[in-house]
Amino acid sequence: MARRVSRTKSKAKPLKPQKRAGYSTLKISLIGIAIVLLGLFYWVFLAPNIHLRSKNLGVYVNVTGINSLADTLERKGVLRSSFTLKVFCKLLDISESRKGLFQVKKSWNNCQLVYHLCKDSLRPSVKVKLEEFRSRANALKPVLKAAYPNKKEFSALLKDSLALRESFSSIDQESVYCLFVPNTFWVYERSSPQELLDAIFSEYQLFWNETRLEKAAEIGRTPEEIVILASIVYSETKNFEEMPLIAGTYINRLKKNMRLESDPTLLFANNKFGARRVNFKLAEINSPYNTYRFSGLPPGPICIPPRAAIDAVLNYERHDFLFFCASDNRSGCHTFSETFDQHKLNANRYRKYLNKRKIY
């Protein structure tokens with residue numbers, strides 16, 4: 001008897017339609033293009049393009065056209081990218097030419113920058129020159145004369161440590177003089193005391209660019225401490241070639257926790273700027289500026305040092321000297337030594353030179 005063979009129907013799998021390779025590639029390309037365009041839009045229109053360490057900065061602009069403005073701001077270290085600002089203005093057909101003192105805000109994008117550049121009304125401004133001075137107070141006289149703030153209110157502001165720290169973080173009534181970096185710059189005519197100090201601080205920020213900040217960090221000092229040391233170096237010598245050598249000596253002493261024992265700080269503490277010779281009696285004064293008694297740096301600069309002196313400290317000469325004293329050869333230079341015994345010989349030779357010339 002024949003068996004009945006049961007046949008099961010095999011289910012045929014439906015054929016999937018093959019994707020067209022060209023379609024997938026086109027889709028991926030379009031998505032990539034869209035992402036790139038969105039990135040460019042953000043970069044040109046919305047990305048922050050003002051790079052500041054504080055909330056705002058006063059910048060004097062004297063240019064014709066946006067391209068010159070963009071290059072100027074980038075050169076000053078205010079603008080992250082001049083290229084995106086140029087593209088932004090090109091796309092919107094903006095070609096603004098203005099002249100004056102502008103306040104730019106931290107993290108502005110190109111839209112905000114150009115809007116305020118075109119719309120803000122400009123106050124009259126004047127050019128002032130802040131120069132290096134042995135006396136900190138004298139350095140302010142030409143600035144005060146040009147800007148016409150209320151002098152009593154400005155002096156009170158410089159002595160108000162609480163108000164200074166609210167505006168400038170770690171700055172107090174002594175270290176505030178670190179902000180006065182010699183330069184020619186612009187301030188508002190008849191500035192308020194706070195506006196004048198803000199303008200001085202703006203120049204301080206422009207001076208302390210990324211390169212100088214990195215060098216200060218390598219030394220292990222804040223910008224204010226670098227200025228304080230520069231004021232001592234500049235008070236020791238006016239020979240700019242010798243400044244890095246003296247700066248290196250003081251930095252070596254600081255690293256070894258040795259007192260600086262700087263004669264110019266004694267003259268400052270005793271208000272004896274005209275003294276021709278330093279004696280031990282001056283070292284008896286109880287002042288934080290007496291570096292024969294107190295270790296470390298004094299709380300503020302003892303003068304307004306020139307920019308070159310600050311750069312001399314940032315680029316100090318590496319050596320093993322720990323001592324120096326004035327030379328007895330009338331050169332105005334100094335003699336350096338690694339040991340105290342050698343320093344005593346040099347110092348005695350210089351004292352004999354002063355005695356011979358009857359300088360007491």
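User: In which helix does Leu30 lie?

Analyst: In this predicted model, Leu30 lies in helix H1, which covers residues 21-46.

User: Which residues make the nonpolar surface patch, and what is its area?

Analyst: The general idea for a helix comes first. An α-helix has 3.6 residues a turn, so residues three or four places apart point the same way. Here, the patch covers about 810 Å². Its members are Leu26, Leu30, Ile33, Val36, Leu37, Leu40, Trp43 and Phe83. Helix H1 gives the most to this patch, with 7 residues.

User: How should I read the length of helix H8?

Analyst: Compare an expected span with the distance between the ends. Helix H8 runs over residues 193-207, and at 1.5 Å a residue its 15 residues should span 21 Å. The end C-alpha atoms of H8 are 21 Å apart, which agrees.

User: Is H8 mostly covered or mostly uncovered?

Analyst: The test is relative accessible area, and a residue under 20% counts as buried. By that test H8 is mostly covered, with 12 of its 15 residues buried. Among them are Pro193, Leu196, Leu197, Phe201 and Phe207.

User: Which residues have the most contacts inside the largest nonpolar core?

Analyst: Phe180, Leu197 and Trp208 have the most contacts inside this core, which has 64 residues. Helix H10, residues 223-236, supplies its largest share, 8 residues. There is also a second, separate core of 23 residues, and Val44, Ile66, Leu73 and Val78 are included in it.

User: Where is Glu261, and what is its phi?

Analyst: Glu261 sits in the loop between helix H11 (243-255) and helix H12 (263-269). Its phi is near 50°, a positive value in a residue other than glycine. Glu261 has a relative accessible area of 35%, so it is partly exposed.

User: Which loop holds Asn271, and is Asn271 buried or exposed?

Analyst: Asn271 is in the loop between H12 and helix H13 (307-314). Asn271 is not a glycine either, yet its phi is positive, about 55°. The cut-off for exposed is over 50%; Asn271 has 57% relative accessibility and therefore counts as exposed.

Definitions and conventions:
Residues numbered from 1 in each chain as written. Predicted model: local features only at pLDDT ≥ 70, side-chain atom pairs only at ≥ 80, totals over all residues. Heavy atoms only, no water. Helix = DSSP H or I, 4+ residues; strand = E, 2+ residues; numbered from the N terminus. Expected span 1.5 Å × (residues − 1). Buried < 20%, exposed > 50% of the residue type's maximum accessible area, 1.4 Å probe, protein only. Core = buried A, V, L, I, M, F, W, Y, C linked by side-chain atoms within 4.5 Å. Patch = residues over 30% accessible without salt bridge, like charges linked within 9 Å, V, L, I, M, F, W, Y side chains within 5 Å. Areas by Shrake-Rupley, 256 points an atom, 1.4 Å probe, with all protein chains shown as cover. Salt bridge = Lys/Arg side-chain N within 4 Å of Asp/Glu carboxyl O.
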